[in-house]
Amino acid sequence: PARLGAEMLPRLEVALQTIEAAERDGLKHACLTDPDARMLPEGREKHIHECHSFEVAVDQDTGLLVAGQTTQENDARRLEPLVEAATPHEPCGVVAVTGDSGYYQGEAIARLSESGIDTCVPDGMTAHKMRDGSLASAPSPTALRYDAERDVFICAKEKRLVPTNKRYRGGREMQLYRVEEDCTGCPLAAMCFQNKPGKWRETARALEPDNPVDVALAQFLKPERQERYRNRGKVVETVFAFLRRVLGYSRWMVRGRERVSAEGSLFKCAYQFRKVHSALKG
């Protein structure tokens, strides 16, 4: 039988410790080569990899970084921490935020809006509708209409969606509704379920009038709001283009939370030096 060499035994011990730590923390995945790495969407394709994330906040007027840091969390949890990190570096504080839909979290949107920050971060559905141009278009054949007197939604085939239970979702209390009869055989079923298997159509309604989350999402019906969201890429994606195309970095060169954080600081410095030099030269 093959024997383990002197170099392999310590590696196996570290691997076992990593697995035990992941089980204690309730993690579904563990990276044996970098225990600090987490399963995160990476790049434009959003493939899930064991990696670290580099997040930035950019001043829209100057193009300078006001925050740049590494994290092992998904974007949806990072909106408020990123705003908090950027605030000390803005002379007048952060007054407006524009972010990708990946940063959307209802509770965070509500808190930032209530604090007076103009928050332009759509949820996934709103962002999808902006991309395909259907956000302000004519109502879909599958659109539901709400009957406030009876508290039911009615579909195009006159089937009723009645109240079921309540749930706190996306920063607001929601009343859930479900169709009384299943949708089997309905000619609109494929459109209603977006070509995915389904029998029972459901929807939800926010119970609080003028909820800050609904108010923020309703702003995206305005063309100027949509334009602001589309233009965010010209500001923030410049940073990542510089890292990938100019510096040639497509992956982290080190492992471990502390080392990755240090490398992220170097990225931030390189971008800032280049930006300031270009401004002075111009």
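The model is predicted.

A search of the whole structure finds ten aromatic pairs. One of them joins tyrosine 146 and phenylalanine 153. Their ring centres lie 4.8 Å apart. The planes meet at 40°, so the pair is classed as tilted; an angle under 30 degrees would have counted as stacked, and one over 60 as edge-to-face. Tyrosine 146 is partly exposed, at a relative accessible area of 33%. Phenylalanine 153 has a relative accessible area of 10% and is buried, because the limit for that class is under 20%.

A further pair is formed by phenylalanine 242 and tyrosine 271. Here the centres are 5.9 Å apart, and the planes stand at 65°. The arrangement is therefore edge-to-face. This pair links distant parts of the chain. Phenylalanine 242 belongs to helix α8 (residues 232-246), and tyrosine 271 belongs to helix α9 (residues 257-281). The two residues are 29 residues apart. Both phenylalanine 242 and tyrosine 271 are buried.

Ring pairs also build a cluster. Its members are Phe54, Phe240, Tyr249, Trp252 and Phe267. Tyrosine 249 lies in the loop between α8 and α9. With a relative accessible area of 31%, tyrosine 249 is partly exposed.

The charged end of arginine 225 sits over the ring of phenylalanine 220, at 5.9 Å from the ring centre. The cut-off for this distance is within 6 Å. Arginine 232 lies over the face of tyrosine 229. In that case the distance to the ring centre is 3.9 Å.

Arginine 78 has a polar partner. The residue is located in the loop between β4 (65-71) and α2 (79-86). Its relative accessibility is 11%, so arginine 78 counts as buried. The side chain of arginine 78 makes a polar contact with the side chain of glutamate 73, at 3.0 Å.

Technical notes. Residues numbered from 1 in each chain as written. Predicted model: local features only at pLDDT ≥ 70, side-chain atom pairs only at ≥ 80, totals over all residues. Heavy atoms only, no water. Phe/Tyr/Trp six-rings, centres within 6.5 Å; stacked < 30°, edge-to-face > 60°. Buried < 20%, exposed > 50% of the residue type's maximum accessible area, 1.4 Å probe, protein only. Helix = DSSP H or I, 4+ residues; strand = E, 2+ residues; numbered from the N terminus. Lys NZ or Arg CZ within 6 Å of the ring centre and 35° of its normal. Polar contact = N/O pair within 3.5 Å; in protein donor to acceptor, adjacent residues only side chain to side chain.
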